[in-house]
Amino acid sequence: MSTTGPVPDLADRAAACADRLLDSDGLLLASHIDADGLTSAAVASTALERAGLDFETVFKKQLDETEIATIAAREYDTVLFTDFGSGQLDAIAAHERAGDFEPVIADHHQPAEAETEYHLNPLLEGIDGASELSGAGAAYVLARALAERGDQSADNRDLAGLAVVGAVGDMQAVGGELVGANRGIVEEGVAAGVLAEGTDLSLYGKQTRPLPKLFEYATEVQIPGISGDEAGAVRFLEDLDVDLKDAGEWRTWVDLTDGERQTVASALVQHAVQRGVPAKKINTLVGTTYELVDEPRGTELRDASEFSTLLNATARYERADVGLGVCLGNREGALDRAQTLLSNHRRNLSEGLEYVRREGVTHEDNLQWFDAGEAIRETIVGIVAGMALGTDGVAADKPIVAFARKSEDETKVSARGTGTLVREGLDLSAVMGEAARSVGGDGGGHDIAAGATVPAGEEQAFVDAADDIVGDQTG
């Protein structure tokens, strides 16, 4: 067994995939469009370009038999799939047998029951694809192998920052920190000088939000009198013995000195204790942060969490080209368009959450659900469902299932759980797959977050099947 690269257990698979790509005669890169998929494509395309390979890039919102057939019709000798492909291996293998193309797969999702020679997936080596290596991580392992096997000067370790953005965007930070195979990538990024790992408040928006907004929108931990309370957040900050304004304007967290941050953080913890926030919740207020040190301070691109949210916004509105442009360094047109998409995205999420609060959810024995119809875009209904978990009327101890209209004939289903539920046996990937297939649809994903597409009109039958499956898993 080779022990090179950031994830030694995957070194042999990565080397075989890299050699196949270097030998290719006509190459298509096909990738998913979420933050993990976009960073996967950026890492892979940069590595392919540095290796001197000619290729074309296409993005797919989902990879099904129809989309795989359109890829096969492109008449490329080799197709590199990033952040999907494993779960669709049966359909891909059929095209491979027919001589349509040779697949190379760098993915982290559950593989289908089929074999292919060039398959880089952590699950094949006993590494957890939901928490230890993302799609971008698999693409990074491949990129490092391409650098070693090819004739080039760059070692591609500078791409580790993008791989970390993909992992964070794929919700792989366990307890706020990247673990498992992801650790090797973090360490390479730090050593290469592109990544800084630190300990800081684990609130979203430290780079870009004025301080009152940072705390008002701190939904990660609900702090009475501050979270969701604009006046309360301002009052909390004004009571501190620190000047938190500059020329009358509120500063951001990154504008503060270390001492000022310490004062604010201590006061926040003290306030949370006084308001009865449980100790284990308070502990999550501080976590590990990942900064891309070459990006400007005070921008979304500096913080891995904010960067990944920006990318997800481009994906949800089907502008993968914009997201890829930002990843590849287009800091003018693409970044401006991405920021516009993000502000629209935030407004849509806020309206979606308000819809769930207003309409409520239906509780079954083992899960809860709502049907948004056309009120929430099918591309964001899963995020809204995740945000709703644990809010008023929505239980935190049951997974949530959300429906949204996809077309006249199809309904999109998204499901979200919690780390606690997963530890109790919940696997939403299996729930979505089995329940969807029982009504003539299909689905999959991760244990904590998964999705499906089902025929319109089968929603109640799907709920009944999913409720039984969740009961079997967690009962």
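**Salt bridges and their surroundings**

Mentor: Let us start with Lys-213 and Glu-230, which form a salt bridge whose closest N and O atoms are 3.6 Å apart. The two residues sit in distant parts of the chain, Lys-213 in helix H8 (residues 211-216) and Glu-230 in helix H9 (residues 230-238), 17 residues apart. Please keep in mind that this is a predicted model.

Trainee: What makes the contact between Lys-213 and Glu-230 a salt bridge?

Mentor: The rule asks for a side-chain nitrogen of Lys or Arg within 4 Å of a carboxyl oxygen of Asp or Glu, and the closest N and O atoms of Lys-213 and Glu-230 are 3.6 Å apart, so the pair qualifies. By this rule the count comes to 25 salt bridges.

Trainee: Why is Lys-213 called partly exposed, and what is the label for Glu-230?

Mentor: Partly exposed is the range between the limits of 20% for buried and 50% for exposed. Lys-213 has a relative accessibility of 24% and therefore counts as partly exposed, and Glu-230, at 47%, counts as partly exposed.

Trainee: Which residue forms a salt bridge with Arg-20, and is Arg-20 buried or exposed?

Mentor: The side chains of Arg-20 and Asp-77 meet in a salt bridge at 3.7 Å, N to O. This pair links distant parts of the chain, with Arg-20 in helix H1 (residues 11-22) and Asp-77 in the loop between H3 and E3, 57 residues apart. Arg-20 has a relative accessible area of 12%, and because buried means under 20%, Arg-20 is buried. Asp-77, at 30% relative accessibility, counts as partly exposed.

Trainee: How do you know that Arg-357 and Glu-354 are separated by about one helical turn?

Mentor: They are three residues apart in helix H14 (residues 333-359), which means a separation of about one helical turn. Arg-357 forms a salt bridge with Glu-354, with the closest N and O atoms 3.9 Å apart, and Glu-354 counts as partly exposed at 39% relative accessibility.

**Loops and burial**

Trainee: What makes Glu-75 stand out in its backbone, and why is Glu-75 called exposed?

Mentor: Glu-75 has a positive phi of about 60 degrees although it is not a glycine, and its place is the loop between helix H3 (65-72) and strand E3 (78-82). Its relative accessibility is 71%, and because exposed means over 50%, Glu-75 counts as exposed.

Trainee: How do you know that Asp-303 is buried?

Mentor: Asp-303 has a relative accessibility of 8%, and because the limit for buried is under 20%, Asp-303 counts as buried. Asp-303 is located in the loop between E9 and helix H12 (304-316).

**Strands and the charged patch**

Trainee: Why is strand E9 called mostly covered?

Mentor: Five of the seven residues of strand E9 (residues 286-292) are buried. E9 runs antiparallel to strand E6 (residues 195-201), and seven bridges join the two; Thr-199 has Thr-288 in E9 as its bridge partner.

Trainee: In the sheet with the order E2-E1-E3-E4-E5, what makes E2 and E5 stand at the edges?

Mentor: That sheet is open, with five strands and parallel pairing. Strand E2 (55-59) and strand E5 (119-120) each have a single partner strand, so one side of each is left without a neighbour in the sheet.

Trainee: Which residues form the negative surface patch?

Mentor: Asp-365, Glu-434, Asp-464, Asp-468 and Asp-472 form the patch, and helix H18 (residues 459-474) gives the most to it, with three residues. Asp-468 lies in helix H18 and counts as exposed at 51% relative accessibility, because the limit is over 50%.

Methods:
Residues are numbered from 1 along each chain as its sequence is written. This is a predicted model: local features need pLDDT of at least 70, side-chain atom pairs count only at pLDDT 80 or more; totals for chains, interfaces and linings use all residues. Side-chain values use heavy atoms; hydrogens and water are left out. Helices (H or I, at least four residues) and strands (E, at least two) are DSSP runs, numbered from the N terminus. Buried means under 20% relative accessible area, exposed over 50%, partly exposed in between (1.4 Å probe, protein chains only). Patches are made of residues with over 30% relative accessible area and no salt bridge: like charges are joined within 9 Å, nonpolar side chains (Val, Leu, Ile, Met, Phe, Trp, Tyr) within 5 Å. Accessible areas come from the Shrake-Rupley method with a 1.4 Å probe; for residues, only the protein chains shown count as cover. Lys and Arg count as positive and Asp and Glu as negative; His and the chain ends are not counted. The place of a charge is taken as NZ of Lys, CZ of Arg, CG of Asp or CD of Glu. Two strands pair if DSSP finds at least two bridges between them.
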